[in-house]
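Hi there,

Here is the structure I promised to send over. Have a look at it first, and my notes follow below.

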Amino acid sequence: MKLKSKANMLLLSYVWWVLEPLLFVLMFYFVFKFLLNRGREDFFIFLIIGKIPFLWFSKSVTSAANSLIENRGLINQRPIPKFVFPLVNVHEAAYQQLVTFAVLISFVIFNGYHDFGLWWQLIPLIFLQYLLICGLSSLFTLFVTYAPDFRMIVSMFMMGMMFCSGIFWSIGDIADPQLQKIILLFNPLAVIIDGYRQVLMHGQLLNWMTFAPALLISLGLILTGFGGLKKFDSLLTRRVFM
């Protein structure tokens, strides 16, 4: 209902679900390909496979982080557990992302990548990204509700993640193997985006052990975030109305 309500407020309605990510991709493609004269031959597909999952991540976490403050009216009326609110926003973004992923897959196929045999690996990759989004969303909801100033940190964090997660570059391009190892260990989003490219562009069988740190980080964030929302439920109610 909330998604329908938001869509109906816009002239192009649901078209924005597809148009918005494509405009972002085109804008970055224009800057890197034509203004900076950078990017590989298949840069458009390379970019769209990085940018669309990042937009899912960014919009979900940012939206969920503000979910308690934006729903203070509902919290005032009913005793709803706090963890429900970020989850609702995360799932709304996920439904929207299903359409966007369909567009992404269409572009990939249209550009001649037809090695479908190993595309089943997209399912665990998407699920891993969903876990990461849930974990960070719950943790940031806790922080933003307690201290609204943390919104600034969330914005800076998203910008940092955009530049450090291989949206415009590949992990394989990093010359320093030690730095490459650090990114694989401590940046789950970079590993996931690299996984999407390995599957969709190169038709490779993934080495799932490289995703173990990303899974552990995501589960740790979920336990911390949702555990905090449950433990500090009453405190967060007071902070929402301050």
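Pro-53 touches Ile-48, Phe-101, Gln-129 and Tyr-196, leaving aside residues up to four places away in sequence; contact here means heavy atoms within 4.5 Å. Pro-53 sits in helix α3 (residues 43–65), and it is buried, with a relative accessible area of 0%. I call a residue buried under 20% relative accessible area, exposed over 50% and partly exposed in between (1.4 Å probe, protein chains only). Its C-alpha atom is separated by 7.2 Å from that of Ile-193, 140 residues apart along the chain.

A word on the basis: this is a predicted model, where local features need pLDDT of at least 70, side-chain atom pairs count only at pLDDT 80 or more, and totals for chains, interfaces and linings use all residues. Residues are numbered from 1 along each chain as its sequence is written, and side-chain values use heavy atoms, with hydrogens and water left out. Helices are DSSP runs (H or I, at least four residues), numbered from the N terminus.

Now to α8 (residues 150–164). The buried residues of α8 are Val-154, Met-158, Met-161 and Met-162. Seen down the axis of α8, they fall within an arc of 100°, so they line one face of the helix; the arc is that of the directions from the helix axis to the C-beta atoms. What covers them includes α2 (15–35), α3, α7 (122–146) and α10 (188–200). The face turned away from the buried side carries the exposed residues Met-152, Met-156 and Met-159. Just after α8, Gly-166 takes a positive phi of about 75°.

Best wishes

Note on methods:
Helices (H or I, at least four residues) and strands (E, at least two) are DSSP runs, numbered from the N terminus. The expected span of a helix is 1.5 Å times one less than its number of residues.
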